[in-house]
Amino acid sequence: MSYAVRRDGMLFASGYYLRVEDPAGRTVSYVQQAIEYYRNNGREATLAHYNSQESIDGQWGLTLADENNILLVAPLAKHLVGTNLGELATNRNRDIGQEMVAATEEGTWISYIFPNVRSSETLYAHSWGVRHDGLLFMSRYYDDKPDVPNAP
């Protein structure tokens, strides 16, 4: 939900995410919908749709990597398209990118700290990834709980 007002040539805006009852379930569902879209419409249509702002649903957006883990879709971080997901999100304690690309056809949850530089609060990102047809379909949600969600 957001609200914006234009005054004196400036735009003032504020907003918040509506609380979702089951964010882990919503994340799994979003990934499954993307896989269904791919099955029904093919690779090129999937890339076009999920690289668009229209595909974003609240905090849910798709990250899609090819068979070589090269990012094809990242609507919230378009500058990362073309990079190797396995080489991203590495810090001194964990190779989160490598954990992500290890996702299987059964699916994998990966949870990690996500420092929100805008609000100075520490959030936890919970990413669900599924390999399908060699491609890696992922989405995530953010909250203040470090617990890894249960697999569906």
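Arg26 lies over the face of Trp60, at 5.6 Å from the ring centre. A charge counts as over a ring if NZ of Lys or CZ of Arg is within 6 Å of the ring centre and within 35 degrees of the ring normal. The model is predicted: local features need pLDDT of at least 70, side-chain atom pairs count only at pLDDT 80 or more, and totals for chains, interfaces and linings use all residues. Residues are numbered from 1 along each chain as its sequence is written, and side-chain values use heavy atoms, with hydrogens and water left out.

**Helix H1**

- Helices (H or I, at least four residues) and strands (E, at least two) are DSSP runs, numbered from the N terminus.
- H1 covers residues 23–41.
- H1 has 19 residues and spans 26 Å from its first C-alpha to its last.
- That is close to the 27 Å expected at 1.5 Å a residue, where the expected span is 1.5 Å times one less than the number of residues.
- Arg26 is among the buried residues of H1, as are Ala24, Thr27, Val28, Tyr30, Val31, Ala34, Ile35 and Tyr38.
- Buried means under 20% relative accessible area, exposed over 50%, and partly exposed in between (1.4 Å probe, protein chains only).
- An α-helix has 3.6 residues a turn, so residues three or four places apart point the same way.
- Gly42 follows H1 and has a positive phi, near 90°.

**Aromatic pairs**

- The structure holds 5 aromatic pairs.
- Rings of Phe, Tyr and Trp (its six-membered ring) pair if their centres lie within 6.5 Å; planes under 30 degrees apart count as stacked, over 60 as edge-to-face and the rest as tilted.
- Tyr37 and Tyr50 form an edge-to-face pair, because their ring centres are 5.6 Å apart and their planes stand at 85°.
- This pair links distant parts of the chain: Tyr37 is in helix H1, Tyr50 is in helix H2 (residues 43–50), and they are 13 residues apart.
- Tyr37 is partly exposed, at 25% relative accessibility.
- Tyr50 is buried, at 5%.
- Tyr38 and Phe137 also pair edge-to-face, with centres 5.8 Å apart and planes at 65°.
- Here the link runs from helix H1 to strand E7, across 99 residues.
- Tyr38 is buried, with a relative accessible area of 12%.
- Phe137 is buried too, at 0%.
- Ring pairs also join Tyr30, Tyr37 and Tyr50 into a cluster.

**Nonpolar cores**

- A nonpolar core is a set of buried Ala, Val, Leu, Ile, Met, Phe, Trp, Tyr and Cys residues joined through side-chain atoms within 4.5 Å.
- The largest core has 20 residues, of which Leu62, Leu64, Val73 and Phe137 touch the most other members.
- H1, H2, strand E4 (71–73), E6 and E7 each supply at least two residues of this core.
- H1 gives the largest share, 7 residues.
- Not counting residues up to four places away in sequence, Phe137 touches residues including Val31, Ala34, Ile35, Tyr38, Leu62, Leu64 and Trp128.
- Contact means heavy atoms within 4.5 Å.
- A second, separate core has 12 residues, among them Ala65, Ile96, Met100 and Leu136.

**Strands E6 and E7**

- E6 covers residues 121–132 and E7 covers 135–143.
- E6 is mostly covered, with 9 of its 12 residues buried.
- E6 and E7 run antiparallel and are joined by 9 bridges.
- Two strands pair if DSSP finds at least two bridges between them.
- Tyr124 has Asp143 in E7 as its bridge partner.
- The hairpin has 2 residues between its strands, and Asp133 takes a positive phi near 55° there.

**Loop residues**

- Asp8 sits in the loop between strand E1 (2–7) and strand E2 (10–15).
- Asp8 has a positive phi of about 50°, although it is not a glycine.
- Asp8 counts as exposed, at 79% relative accessibility.
- Glu105 lies in the loop between helix H3 (96–101) and strand E5 (108–116).
- Glu105 is exposed, with a relative accessible area of 63%.
- Leaving aside neighbours within four places in sequence, Glu105 is in contact with Val130 and Arg131.
- Glu105 and Gly134 are 29 residues apart in sequence and 9.0 Å apart in space, C-alpha to C-alpha.
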